[in-house]
Amino acid sequence: MTQSYHTILVAVDGSVGAELALHKAIHVAKRNQARLVIAHVIDTRALHNVAAFDASVYETLEAEAKELLAEYQATATEAGVEDVSIIIEFGNPKVLLAEDIPQQTGADLMLLGATGLNAFERILIGSSSEYIMRHAPIDILIVRDGDKSL
């Protein structure tokens, strides 16, 4: 039995791991002739105190995200993916990526870069990838970098 995916969701944050996930998502989308959705979530939990003093922080982060996602969208299109869309959301990345965005997009596969956090950091703030794996209702592919020094 061959598994075929129709809507591939890839979560990106500008990191090396996310870029690796994007390139793998492009290949999976092409192989499945699937729609590709590139999503970025601006984590508002860490911005509440800063934004109280400077509301332009949200606008700056959104502008940077739009620029990054436009580059990623162009990369996917140039690689031959016919249907590519982007999503930028504000909120808790774990919840949005595990629940809301997959439902909103109709995705049936999500690709994520593996966390770059060390064990102590994961204890303090938790791994987004781990949370998403436990809560998302769709298939998840964690893309790892072969470089263990990261």
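Which elements each supply at least two residues of the lining of the second largest pocket? They are β2 (35–43) and α3 (56–78); helices (H or I, at least four residues) and strands (E, at least two) are DSSP runs, numbered from the N terminus. The model is predicted, so local features need pLDDT of at least 70 and side-chain atom pairs count only at pLDDT 80 or more, while totals for chains, interfaces and linings use all residues. Residues are numbered from 1 along each chain as its sequence is written, and side-chain values use heavy atoms, without hydrogens and water.

The second largest pocket has a volume of about 170 Å³. On a 1 Å grid over the protein atoms alone, a pocket is an open set of points with protein on both sides within 12 Å along at least five of seven lines, and lining residues have an atom within 4 Å of a point. Grid points are joined across faces, edges and corners, and a volume is the space filled by probe spheres set on the points. Among the lining residues are His40, Val41, Leu61 and Glu64. By class, six lining residues are nonpolar, one is polar and two are charged; Ala, Val, Leu, Ile, Met, Phe, Trp, Tyr, Cys and Pro count as nonpolar, Asp, Glu, Lys and Arg as charged, and the others as polar.

Helix α3 also packs with α1 (residues 16–32), at an angle of about 30° and with the axes 10 Å apart. Axes are lines fitted to C-alpha atoms over the stretch in contact, and angles run from 0 to 180 degrees between N-to-C directions. The two helices, α1 and α3, are therefore roughly parallel, a term for angles under 35 degrees. Glu19, Leu22, His23 and Ile26 in α1 meet Tyr72, Thr75 and Ala76 in α3, where contact means heavy atoms within 4.5 Å.

Helices α4 (residues 93–105) and α6 (residues 128–135) pack at about 30°, with their axes 9 Å apart. That makes α4 roughly parallel to α6.

Methods
1 Å grid on protein atoms, 1.4 Å probe; cavity = no way out; pocket = protein on both sides within 12 Å on 5 of 7 lines; lining within 4 Å. Parallel < 35°, antiparallel > 145°, perpendicular 65-115°, else oblique.
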